[in-house]
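Biologist: I am new to this structure and would like to learn how to read its charged pairs. Could you walk me through some?

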Amino acid sequence: MAKPQNIKIISLNRKAKFNYQLLETFEAGLSLLGTEIKSVRLGSVQLREAFVNTTKNELWLQNAHISPYIMAHTQNHDPIRPRKLLLHRREINKLIVRTREPNLTIVPTKMYLKNGKAKIEIAVARGKRKFDKRAAIAERETKRSMLRQLGKRR
């Protein structure tokens with residue numbers, strides 16, 4: 001019998017769905033310092049400008065801002081240091097091969113706590129062009145106006 005999973009979402013990267021077409025998602029663990037995990041549990045994480053980089057057959061989370069932990073004033077961490085992503089070797093190899101394809105990259109979409117451990121959802125993504133973004137905005141606006149009209153009729 002499967003154990004129920006306690007998931008608490010810490011941070012979402014809402015711009016990722018707007019700027020990229022997400023093709024495939026993966027769950028990865030994070031290699032964090034003690035003050036970083038305490039800060040993550042407080043919810044002071046920002047993924048807006050974060051991206052995933054490959055170095056020596058490893059995946060690294062770059063530019064993710066985890067604020068310094070308030071109570072550890074002298075032994076704190078660098079807020080935007082690179083953090084190693086923990087995945088199975090076959091998943092890492094698959095992601096590295098996918099990023100070698102033209103116009104594909106890996107972006108973090110959300111960070112959460114799963115059974116007390118910090119996890120990050122990453123996605124293989126293709127960047128949207130300006131006209132794709134405009135079409136998404138237009139579609140969203142038409143849906144809103146249709147729902148408004150339906151609401152007025154009732």
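Modeller: Gladly. Glu141 forms a salt bridge with Arg144, with 3.3 Å between the closest N and O atoms. A salt bridge here is a side-chain nitrogen of Lys or Arg within 4 Å of a carboxyl oxygen of Asp or Glu. This is a predicted model: local features need pLDDT of at least 70, side-chain atom pairs count only at pLDDT 80 or more, and totals for chains, interfaces and linings use all residues. Residues are numbered from 1 along each chain as its sequence is written, and side-chain values use heavy atoms, leaving out hydrogens and water.

Biologist: Where do Glu141 and Arg144 lie?

Modeller: Both are in helix H4 (residues 130-153), three residues apart, about one turn of the helix. Helices (H or I, at least four residues) and strands (E, at least two) are DSSP runs, numbered from the N terminus.

Biologist: How many salt bridges does the structure hold?

Modeller: Nine. One of them joins Glu36 to Arg81, the closest N and O atoms being 2.8 Å apart. That pair links distant parts of the chain, with Glu36 in helix H2 and Arg81 in the loop between S6 and S7, 45 residues apart.

Biologist: Is Glu36 buried or exposed?

Modeller: Buried means under 20% relative accessible area, exposed over 50%, and partly exposed in between (1.4 Å probe, protein chains only). Glu36 is buried because its relative accessible area is 0%.

Biologist: Which residues of H2 are buried?

Modeller: In H2 (residues 34-42), they are Thr35, Glu36, Ile37, Ser39 and Val40.
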